[in-house]
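Try each task before you read its solution.

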Amino acid sequence: MSEPTSLEGRRILVTGAAQGLGLTIAERIIDLGGSVVVADVQDEAGEHAVAALGAAARYEHLDVSSDADWASVCDRVTDSFGGLDGLVNNAALLDMGPLERIDPDRARRLLEVNLLGPLLGIRALAPLLRASGGGSIVNISSIGGLEGMNSTATYNATKWGLRGLSRAAALELGLDGTRVNTVCPGMGNPDMPTPFLTDFDLDRYLESAPRLPFHRAGQPRNVDVHDVAEMVVWLLSDAARGCTGADFAVDAGWTAGTFAPGLPGF
Ligand SMILES: NC(=O)c1ccc[n+]([C@@H]2O[C@H](COP(=O)([O-])OP(=O)(O)OC[C@H]3O[C@@H](n4cnc5c(N)ncnc54)[C@H](O)[C@@H]3O)[C@@H](O)[C@H]2O)c1
């Protein structure tokens with residue numbers, strides 16, 4: 001059976017792709033016929049990932065918060081790939097702790113990486129996407145960009161901000177045919193947290209899992225990286241040509257609302 005979502009011939013840069021969700025997205029882009037620039041600050045892990053991904057992948061060192069890094073990656077991508085068709089702003093940091101104990105320097109770093117980074121990336125690469133006839137940009141937000149949570153104030157602020165950036169960019173870049181969308185992954189599956197959530201008490205967090213309709217149906221899972229990657233590659237492809245400026249939650253219903261036991265029929 002042929003794949004409904006084709007990325008044949010598409011050249012796509014994924015930030016933070018040396019591991020975790022970004023790496024799974026890179027793998028799936030290649031499965032679907034595309035080629036990938038794996039961009040990260042972890043050079044050894046990035047080179048290792050590219051060696052496993054094969055000839056359709058190349059590694060670039062990129063600190064997303066650095067304007068100079070974006071400019072040089074843009075030059076190198078033009079030289080090696082001859083252009084670009086897609087960008088996935090996936091790299092991000094998480095910081096956890098009570099609002100009143102937030103370290104301002106750490107908060108500034110989260111804002112730089114999670115919010116300024118995607119802005120600088122869109123700014124740097126929009127001309128390449130335009131030159132290829134209009135591309136697709138996917139910004140990875142979070143359920144933390146759709147609601148708030150105790151202990152994650154800075155992260156929430158960056159991920160909500162990213163949705164605003166996406167919408168403004170969709171309006172501006174849409175003039176030249178580039179689409180910009182946001183994906184909001186859920187969390188809580190053992191396959192989703194990755195090293196990103198090392199300080200996280202997953203078991204206690206999952207005590208609130210009955211909120212999830214999938215849990216009520218007896219499936220002990222929220223979402224995993226493959227569920228999220230599937231949404232990302234669909235948005236990168238022409239199958240999503242009708243979608244721009246929109247948020248796509250892949251959260252197993254986490255943000256759908258509150259399930260209220262005791263109401264009539266339940
Ligand atoms: N893991 C989850 O449960 C979860 C849930 C919701 C949303 N998300 C989002 O998914 C995305 C990926 O998360 P993950 O779980 O794969 O995280 P991860 O920590 O496993 O991977 C993040 C990658 O970003 C890279 N990175 C960090 N700072 C960077 C910088 N300045 N420049 C370039 N690269 C940098 C890291 O080296 C790492 O390879 C993030 O945007 C995150 O907010 C994750």
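## Exercise 1: the ligand shell

Sort the residues of the shell around the ligand into nonpolar, polar and charged.

Solution. The shell splits into 17 nonpolar, 9 polar and 4 charged residues. Here Ala, Val, Leu, Ile, Met, Phe, Trp, Tyr, Cys and Pro count as nonpolar, Asp, Glu, Lys and Arg as charged, and the others, Gly among them, as polar. Before going on, note that this is a predicted model: local features need pLDDT of at least 70, side-chain atom pairs count only at pLDDT 80 or more, and totals for chains, interfaces and linings use all residues. Residues are numbered from 1 along each chain as its sequence is written, and side-chain values use heavy atoms, leaving out hydrogens and water.

Next, pick out the helices: α1 (20-31), α4 (104-131) and α5 (153-173) each give at least two residues to the shell. Helices (H or I, at least four residues) and strands (E, at least two) are DSSP runs, numbered from the N terminus.

## Exercise 2: polar atoms at the ligand

Find which N or O atoms of the protein pair up with the ligand within 3.5 Å.

Solution. Start with the ligand's nitrogen atoms: a polar side-chain atom of Asp 63 sits 2.9 Å from one, and a polar backbone atom of Val 64 is 3.0 Å from a ligand nitrogen. Then take oxygen: an N or O atom in the side chain of Tyr 155 lies 2.6 Å from a ligand oxygen.

## Exercise 3: the sheet

Work out the strand order of the open sheet.

Solution. Its 7 strands run β3-β2-β1-β4-β5-β6-β7, with parallel pairing (at least two DSSP bridges between two strands). At the edges, β3 (57-61) and β7 (247-250) each pair on one side only. Now zoom in: β4 (residues 86-89) and β5 (residues 136-140) pair over 4 bridges, and Val 88 stands opposite Val 138 in β5.

Methods. Polar contact = N/O pair within 3.5 Å; in protein donor to acceptor, adjacent residues only side chain to side chain.
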